[in-house]
Amino acid sequence: MGSAEVSPQMAFARFVRRAIDDAREERGWTVTELAAHTGVGRSTVFRWLAGDWQDYPELAKVRGFCAALDLPVAAAFRALGLPDAGSGSWRRGDDGPVEADVRVILQRLADPAVPAEEKHHIRDLLRYLARRPIRRPADPAATPMRRTAG
């Protein structure tokens with residue numbers, strides 16, 4: 001009997017819950033103080049806690065959250081089910097075409113200089129691509145041959 005797979009929302013919610021609990025215990029921070037120190041709004045923190053998000057959290061916010069709490073960004077990315085875009089896990093010379101494209105997209109989403117509107121368009125397109133049905137080429141053996149008039 002296999003174990004149920006944990007969604008990225010729930011895994012990230014657990015990560016955030018542990019971070020909040022640690023910040024409260026070690027630093028005496030409330031959620032409001034945590035939000036102020038991390039630069040992540042209270043409502044965003046509560047959405048993360050509830051697993052109430054469809055789009056992945058902005059990577060720049062995740063990085064800021066982790067930096068302010070002295071947490072490894074890689075742990076947050078693992079909870080989200082993402083590769084650590086900030087680590088050396090992808091070496092430029094070793095990238096295949098898909099990995100290189102994904103790395104560039106992650107970098108754009110994490111880059112504070114990229115306008116929010118462009119990030120929104122990237123996320124919309126990724127959501128569209130993730131949800132569209134996969135079109136498989138027809139099996140030529142299963143397709144009856146067409147007769148031509150002759």
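# Exercises on a predicted helical model

UniProt, in an unreviewed entry, places the feature "domain: HTH cro/C1-type" at residues 20–51. The model is predicted, and the exercises below work through its packing.

## Exercise 1: the packing of α1 and α3

Classify the arrangement of α1 and α3 from their axes, and then describe the residues that make the contact.

Solution. Two packed helices are described by the angle between their axes and by the distance between those axes. Here the axes of α1 and α3 come within 7 Å and cross at roughly 125°. Angles of 65 to 115 degrees count as roughly perpendicular and those over 145 as roughly antiparallel, and α1 and α3 are therefore oblique to each other. The contact is made by Phe12, Ala13, Val16, Arg17 and Ile20 of α1, together with Val45, Trp48 and Leu49 of α3. By class, the residues of this contact divide into 7 nonpolar, no polar and 1 charged.

Now look at Leu49, which is found in α3. Its relative accessible area is 18%, and because buried means under 20%, Leu49 is buried. Not counting residues up to four places away in sequence, Leu49 touches Ala13, Val16, Arg17 and Ile20. Leu49 and Arg17 are 32 residues apart along the chain, yet their C-alpha atoms are separated by 6.3 Å.

## Exercise 2: α5 and its two ends

Decide whether α5 is mostly covered or mostly open, and examine the backbone at Asp70 and Gly81.

Solution. Count the buried residues: 6 of the 8 residues of α5 are buried, so that the helix is mostly covered. The buried residues are Ala74, Ala75, Ala76, Phe77, Ala79 and Leu80, and what covers them includes α1 and α4. Just after α5, Gly81 takes a positive phi of about 80°. In the loop between α4 and α5 lies Asp70, whose phi is near 55°, a positive value in a residue other than glycine. At 63% relative accessibility, Asp70 counts as exposed.

## Exercise 3: the surroundings of Arg108

State whether Arg108 is buried, exposed or partly exposed, and list the residues that it touches beyond four places in sequence.

Solution. Arg108 lies in helix α6. With 43% relative accessibility, a value between the 20% and 50% cut-offs, Arg108 counts as partly exposed. Leaving out residues up to four places away in sequence, Arg108 touches Val114, Glu118, Lys119 and Ile122. For Ile122, the separation from Arg108 is 14 residues in sequence and 8.9 Å in space, C-alpha to C-alpha.

Technical notes. Residues numbered from 1 in each chain as written. Predicted model: local features only at pLDDT ≥ 70, side-chain atom pairs only at ≥ 80, totals over all residues. Heavy atoms only, no water. Axes fitted to C-alpha atoms, helices over the stretch in contact; angles between N-to-C directions. Helix = DSSP H or I, 4+ residues; strand = E, 2+ residues; numbered from the N terminus. Parallel < 35°, antiparallel > 145°, perpendicular 65-115°, else oblique. Contact = heavy atoms within 4.5 Å. Nonpolar A, V, L, I, M, F, W, Y, C, P; charged D, E, K, R; others polar. Buried < 20%, exposed > 50% of the residue type's maximum accessible area, 1.4 Å probe, protein only. UniProt positions renumbered as here; feature names shortened; annotations may be inferred.
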